[in-house]
Amino acid sequence: MSKALTAPRSVAVPAASAESRQFLTFAAGGETLALGILHVREIIEYGRVTAVPMLPAFVRGVINLRGSVVPVIDLSARLGRAPSTIGRRSCIVIVELPESDGERRELGLLVDAVSAVIDIPEIEPPPSFGARMRPDFILGMGKLDERFVVILDPTQTLSLDEMAALAGNLDAGVNGA
């Protein structure tokens with residue numbers, strides 16, 4: 001039914017078919033969240049993150065991933081919660097997102113802990129009110145027995161255009177003062 005994952009040095013996440021209802025579940029900001037497995041490339045141990053000045057608070061910095069510069073987003077802070085506290089189960093989920101030019105972009109998500117890869121056969125639409133995060137960040141609500149797990153929409157939650165605009169606003173605020 002579900003396959004538990006721990007946060008070893010590096011775990012390759014198996015590919016799934018396009019019709020798959022498999023999701024990686026993890027903890028961030030005190031909540032259990034999920035992300036479609038097709039967006040997950042790998043999970044790595046939290047390590048050396050190089051801070052980059054003049055970026056929004058939710059951007060922890062960058063890592064060197066086999067010679068590529070990959071930005072690391074603190075998912076808790078991106079969702080409007082307190083920045084993550086690094087613990088022994090903290091890890092970085094490397095996700096791949098499509099760009100408008102057909103290329104794929106890698107981002108790292110700092111999460112508190114990775115839980116499992118699970119099948120979610122029934123997905124409900126996001127709530128129209130009362131969510132503790134922006135509604136456009138929620139792809140749906142995965143039904144698991146008697147509870148729900150929030151399924152993130154990576155194209156909205158990790159929108160490069162929006163994050164660049166936020167960085168521009170930060171820059172304008174500093175330079176305009």
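By salt bridge I mean a side-chain nitrogen of Lys or Arg within 4 Å of a carboxyl oxygen of Asp or Glu. Side chains of opposite charge can pair when their charged atoms come close.

Before going on, a word on where this comes from: we are looking at a predicted model, where local features need pLDDT of at least 70 and side-chain atom pairs count only at pLDDT 80 or more, while totals for chains, interfaces and linings use all residues. Residues are numbered from 1 along each chain as its sequence is written, and side-chain values use heavy atoms, leaving out hydrogens and water.

Back to our pair. How exposed is Arg 41? Arg 41 is partly exposed, at 28% relative accessibility, whereas Glu 42 is buried, with a relative accessible area of 5%. Here buried means under 20% relative accessible area, exposed means over 50%, and partly exposed is in between, using a 1.4 Å probe and protein chains only.

Arg 41 also meets Glu 106 in a salt bridge, at 1.8 Å from N to O. Arg 41 sits in strand β5 (residues 40-45) and Glu 106 in strand β9 (residues 104-111), so this pair ties together parts that are 65 residues apart in sequence. Glu 106 counts as buried, at 17% relative accessibility.

Which residues make up the network around here? Salt bridges link Arg 41, Glu 42, Arg 66 and Glu 106.

Now please find another pair, Asp 136 and Arg 134, whose salt bridge has its closest N and O atoms 2.7 Å apart. Both partners are partly exposed: Asp 136 has 31% relative accessibility, and Arg 134 has 34%. How many salt bridges are there in the whole structure? A search finds eight.

Let's zoom out to the protein as a whole. You can pick out three helices and 13 strands; these are DSSP runs numbered from the N terminus, with helices being H or I of at least four residues and strands being E of at least two. The protein has 177 residues, and 41% of them count as buried. Taking contacts (heavy atoms within 4.5 Å) between residues at least 6 apart in sequence, 56% join residues at least 24 apart.
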